[in-house]
Amino acid sequence: MPGADDRAKTGATAMGTQRNGFSRESFILSVDVGTTSIRGHVYDKEARVRGSCTAKIVPLYPEVGHVEMDPDALWRGFITVAKGAVQDAGVQMRQIEALGISTQRSTFTTWDRRTGVPFHNFITWQDQRAADLVKSWNRCWTMKAIHGVMKVLYFLTRQKRSLAASLIVFSTQHVTFRLVWALTHYQQVREAIEEGNCCFGTIDTWLLFKLTKGQIHATDYSNASATGIFDTYQVLLCEHVAPLSGKPHTSVAGLYPVVGWKIGSEVVYLAEGNAADTGTAIKWAQELELFSDVRDTAAMAYSVADSDGVCFVPSFSGLQAPLNDPKACASLMGLKPSTTKTSLKEDLPFEYLYLLPPSRLRVDGGVSLNDFVMQLTADLLDRKVARPQHHEMSCLGAAFVAGLEVGFWKNREELKKLQGTDKVFLPRGAAKEDSACPSREYVHVLQRWERALRRSMNWYSKP
């Protein structure tokens, strides 16, 4: 997620500066470090993409359940994409006014403070090596006591924060337990800590450290709030407290309160529930040659009446909120001799989307280019779904935050005028306006999906 501190200024002079007697146009460079790829775009004042570059991220699987990335390979990919996007735009690096960075969260490494050499690979947010530790903590008497105390506090105070605390559980996506695993298994990390020579950080921290040649060791609110080391309610990390107005959403349905971004003194909160393996599932299906382009699957799906009873649970890295089961497996259920390639369309877990009645739905990312999935989403939720002209909103969001900071754009009102809508998908069928439930047509489909979901859960537990 983009954040106000997720950027490094390039040293470019102010936009419109006179050089050699003519006005030099300036731009914003933004790089999104995702789970499967690194994407970079150069934006002009109208938020038009003037140049782009993409590089693949190669995940490493040293053991079952372990998912890692090479820090040096990621750094090289980042630099390649940044330079490639500027070159593709046909501009010079000194014309770049600011750099915005958006990264996958909860992926971390540790490194030598003096040399900058990592002690181990990035341990990604998809990694399951701490699953048993998480499970034991969630079942321990300490957690049961905390839940009990919070229930009593909720009874006395009726504060939703206490109710949420009585239900919340740890997740493998939190950095905390994977960091404990690293401290237990990497002796050189423990030795560096004793010497005061160990740096810890998520991807944004690593990139900032490298970009500034070791001068800056920092993170932003968004990345910090997803680690499990940060108090989202008090906006507290270690001993530094920033007083803020508002409080984050307190979900009682398994969603996590996180910080989306901070602009000036304003902090924007999110209630997050995510499907961890959408990108992984697409890549997996492409490697099986089920399709080559995500957009092709829309025509495949429309070519059949239904999925012929097939359910695909894409939980390659377990299930996230609200179910939070790191031991779940990916599965294909309901296969028959009549099953064809077109029946194997991806069934996405929409369950968490209608836990909260949304007032407006905007979608982005590569899958948003698939009209079938977008129409299905609108039908399932009985809500209008708007697809923006810019489908890579992570990159654009980081560019907006960076551009606001350096005065490239004056205010957020100016940015709102730059966001256009590509297409709006309307729900089919008669549904009440205030309904947050799926259309009747899909009730039996969701029931079948939930049965498949439950049978995929707890698959890897020890007998």
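**Entry 1. Salt bridges**

Which residues are linked in a network of salt bridges? I looked this up in a predicted model, and I found Glu25, Asp44, Glu46, Arg48 and Arg50 linked in such a network. In total, I recorded 16 salt bridges in the structure.

Arg50 belongs to strand S5 (residues 49–56), while Glu25 sits in the loop between strand S2 (22–23) and strand S3 (27–33), so the pair ties together parts that are 25 residues apart in sequence. I also checked the accessibility of both partners. Arg50 is partly exposed, its relative accessible area being 35%, and Glu25 counts as partly exposed at 41%.

**Entry 2. Arg129 and its partners**

I turned next to Arg129. It forms a salt bridge with Glu68, in which the closest N and O atoms are 2.9 Å apart.

Are Arg129 and Glu68 buried or exposed? Arg129 is buried, with a relative accessible area of 10%. Glu68 counts as buried because its relative accessibility is 8%, and the cut-off for buried is under 20%.

I noted a further salt bridge of Arg129, with the side chain of Asp127, at 2.7 Å, N to O. Both Arg129 and Asp127 are buried. As background, I wrote down that side chains of opposite charge can pair when their charged atoms come close.

**Entry 3. The second largest pocket**

I looked up the second largest pocket and noted its volume as about 850 Å³. Its lining comprises 32 residues, and those nearest its centre are Val64, Gly65, Val67, Phe316 and Ser317. Helix H2 (131–139) and helix H9 (278–287) are the elements that give two or more residues to this lining. H9 provides the largest share of the lining, namely four residues.

What is the make-up of the lining of the second largest pocket in nonpolar, polar and charged residues? I counted 13 nonpolar, twelve polar and seven charged residues.

**Entry 4. Cavities**

I asked how many cavities of 30 Å³ or more the structure holds, and the number is two. The second largest cavity contains about 60 Å³ of space. I listed its lining as Val134, Phe170, Ser171, Thr172, Leu319, Gln320, Asn324, Asp325 and Pro326. By class, this lining divides into four nonpolar residues, four polar residues and one charged residue.

**Entry 5. Ser331 and Phe316**

Ser331 and Phe316 are 15 residues apart in sequence, and their C-alpha atoms are 8.7 Å apart in space. I placed Ser331 in strand S16 (residues 331–333). Its relative accessibility is 13%, so Ser331 counts as buried.

I examined the backbone at two residues. Ser106 is not a glycine, yet its phi is positive, at about 65 degrees. Ser106 lies in the loop between strand S7 (96–103) and strand S8 (108–112). At 4% relative accessibility, Ser106 is classed as buried.

Glu289, also a residue other than glycine, has a positive phi near 65 degrees. I located Glu289 in the loop between H9 and helix H10 (296–302). Is Glu289 buried or exposed? It counts as exposed, with a relative accessibility of 64%, whereas Ser106 counts as buried.

**Entry 6. A nonpolar surface patch**

My last search concerned the surface. Val152, Phe155 and Leu156 form a nonpolar patch there, and together they have about 350 Å² of accessible area. I followed up Leu156, which is found in helix H3 (residues 141–157). Why does Leu156 count as exposed? I noted that its relative accessibility is 63%, and the term exposed applies over 50%.

How values were computed
Residues numbered from 1 in each chain as written. Predicted model: local features only at pLDDT ≥ 70, side-chain atom pairs only at ≥ 80, totals over all residues. Heavy atoms only, no water. Patch = residues over 30% accessible without salt bridge, like charges linked within 9 Å, V, L, I, M, F, W, Y side chains within 5 Å. Areas by Shrake-Rupley, 256 points an atom, 1.4 Å probe, with all protein chains shown as cover. Salt bridge = Lys/Arg side-chain N within 4 Å of Asp/Glu carboxyl O. Buried < 20%, exposed > 50% of the residue type's maximum accessible area, 1.4 Å probe, protein only. 1 Å grid on protein atoms, 1.4 Å probe; cavity = no way out; pocket = protein on both sides within 12 Å on 5 of 7 lines; lining within 4 Å. Points joined across faces, edges and corners; volume = space filled by probe spheres on them. Nonpolar A, V, L, I, M, F, W, Y, C, P; charged D, E, K, R; others polar.
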